[in-house]
Amino acid sequence: MKFSESWLREWVSPKLDTQALSEQLSMAGLEVDGIAAVAGEFSGVVVGEVVACEQHPDADKLQITKVSIGSAELLDIVCGAKNCRLGLKVAVATVGAVLPGNFQIKKAKLRGQPSHGMLCSFSELGMADDSDGIMELPTDAPVGTDLRQYLALDDVTIEVDLTPNRADCLGIKGLAREVAALNKLEVCQPEFTPVAATIDEQKAINLKAPSACPRYLGRVIRNVNVQAPSPLWLTEKLRRCGVRSIDAIVDVTNYVLLELGHPMHAFDLAKINGDIQVRMATAGEKLVLLDGEEVTLQADTLLIADADKALAMAGIFGGLDSGVTKNTTDIFLESAFFAPLAIAGKARQYGLHTDASHRYERGVDPQLQRTAMERATALLLQIVGGEAGPITEAVAADCLPVKAPIVLTEQKLKRIVGHDIARSEVTDIFQRLGLGVTDSAEGWQVTVPGYRFDISIAEDLIEEVARVYGYNNIPNQAPIAALKMRRFNEASLSVSQMRQVLVDRGYQEAITYSFVDPKVQQALFADQPALVLPNPISADMSAMRLNSWPGLLQAVQYNQNRQHNRLRLFEYGLKFIPDAAAENGVRQVPVIGGVVVGSYANEHWTIAERPADFYDVKGDVEALLALLSASARVHFAAAEHSALHPGQTAAVYVDGEVVGYLGALHPEAERKLGIKGKAFLFELEVAALGLRQIVQAQDLSKYPANRRDLAVVVRSDVHFADIVASIKKVGVNQLVDLKLFDVYTGQGVAEGFKSLAIALTLQDKARTLEDKTIQEVINQVVSVLKNDFDATLRE
């Protein structure tokens, strides 16, 4: 926002120069972006009056004038401006004057006529980029007065870059309130006397969208003179704030906007049919804006309308058909409070940005509408004349913003600021900011005025105290932090360790969306309901995943389409299980899953090529589970899963509980998903793995180990895992290793049976095992296998 320093000082004038004032504003959070003079550097320019004006005899576009500047002699000046006329008060650059650009005025002759000076325009004095004719001063301007002094041109325009939360400072009133609080001064606010109604005419107002517009005021003003020029003091204040003068009515509404920070709008009364309707637009409704552009309105756009048509986009832009023109004689003046959320983003939807929308979407004072209406009415009657009717007000009180009191404790203030500020000074700061404050035993209870939309919690109050107190007044203190060793549970199994195991085994980590295609998920989990999003990003991302496999298989499909045939991918993330007993009806389970497609190893001349199989993936899962350091806690068992191939599926158990599955992708799912080649999948629930067993250091045996090989014949349906469990029960003390090194079926082994060649390694920590002891253990093993599995030694 740009504002004139002299205008601000009419409200509050601290004993600070321009630079110090700008620094103070910046340190208070109102960052000053620039300071610019309101006029160029010039001297020798005074107020003059044209007392004679006649056509130049030798030039059609020039006039010969005699100008009084209060001295004994009149000045002969040749002027080419069209608006030069008898009796006009003008800006006269006398002989010897220096204008911007170091241009010095000298005596001259123009087409044979003497010219002892120059009648100046705004642009020639550095007060505008261009101008149409010479400057016209008020009729009461004192002749001979220095122009810089008369127009108070020793002034600057200060541009403040306000953050979106400080909409209260988008007006001179708010800035003055801020400067007064920073300097412990009082604001000298002009008195706004209510305008008495002289006619009875008024317009009824219907609030059909009270949540978007809880307060709307309107006033009829008849018999206005739209052609009346805006006074110089008004146009100068607008110019110094970066606003161009348009006509008297628009200038007045812009003046109130800059002075009070409250937008207003004027309609041509003759173009309003019936009552005022504040309503939402209907989809597809058209409106031609003041700039001539037609827009198609969306249903979430708030409108000001009459009984037949839309008049304006509320708080954003007026309509052309209801706008004030040079033929307007009666107006309807609007002053309203629009809820910030009703305006926020709407202007950008239509490619617009106006001063009104800039303020409304940040928030205006919901109690300022009547003051703004009275101020604008008084100025309009003063400038364009007319007769004002009574103010009509429609209010939905229950929709107006209400702020709850905020409690701030002295302890919290000291802890966050890091400095002890006197209690009385904190109370004084709140009062200077216009906040209602009540002292309590522990601190303060603060009531926030409507114009401070940015204050809602105790931390906001602390920020106010700190910036008004002055950040430079808070001493620098190095933070004190006590160093403490972080507790580390070595038994916890970290995800990073699991990631590293899979990366070491040739996997690459994938990150897929938690939202999946419901068709893909249905192909894998036909009998399991999923969570469908009410507002999905797209149709193929509309269901929450029940497992990590849908995303991984889509990644496989994507890579296979790009000629990547060997894939080993894993992902750590959440799966989402519908569960009425869980919070929000969904149970979120952290899992780590993987997929393997293609050959067992990368192509290499020393490695025989073969496709990856179930046991390769099982080995990878076993490597993950080896992190638990307790193989006895883990076992695999044949299982069934809707996404996996029957007969090639295993459930993973830890401490007797199912923690995951692995196996080959079901052929039907493979066909539906378009996977090329056989895919093997696994998934483990990370949280269900529990704590790993800490490895304990033990003495190594100094006595030799002994290996004995057994070949036992068992039925084909006997699982080797069950045989291992039985053998370990027998040789628990001396058995240090057990390996299956051959499986044989065929000649010499009956049909329906298989031969398992098992290597047993025995060792004792206290002595060398004798053959007799070793043989006893072997005999016990053979006996147990005979009893448990009807096993026989192979001959």
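What radius of gyration does the protein chain have, and what would a compact globule of 795 residues have? The protein chain has 44 Å, whereas such a globule would come near 28 Å; the radius is taken over C-alpha atoms, and the globule rule is 2.2 Å times the number of residues to the power 0.38.

This is a predicted model, in which local features need pLDDT of at least 70 and side-chain atom pairs count only at pLDDT 80 or more, while totals for chains, interfaces and linings use all residues. Residues are numbered from 1 along each chain as its sequence is written, and side-chain values use heavy atoms, with hydrogens and water left out.

**Figure 1. The whole chain.** Let's start with the overall picture. The C-alpha trace spans about 145 × 60 × 60 Å along its principal axes. Its secondary structure comes to 20 helices and 39 strands; helices (H or I, at least four residues) and strands (E, at least two) are DSSP runs, numbered from the N terminus. Buried residues make up 48% of the 795, where buried means under 20% relative accessible area, exposed over 50%, and partly exposed in between (1.4 Å probe, protein chains only).

Figure 2. A salt bridge here is a side-chain nitrogen of Lys or Arg within 4 Å of a carboxyl oxygen of Asp or Glu, and the structure holds 47 of them. Arg-9 counts as partly exposed because its relative accessibility is 22%, whereas Glu-5, at 7%, counts as buried.

**Figure 3. Lys-237 meets Glu-10 in a salt bridge.** The N to O distance is 3.0 Å. This pair links distant parts of the chain, with Lys-237 in helix 5 (residues 232–240) and Glu-10 in helix 1, 227 residues apart. Lys-237 is buried, with a relative accessible area of 15%, while Glu-10 is partly exposed at 45%.

Figure 4. Glu-178 is buried at 3% relative accessible area, and Arg-467 is buried at 5%. Take a look around them as well: both belong to a network of salt bridges that also includes Arg-166, Asp-168, Arg-452, Asp-454 and Glu-464.
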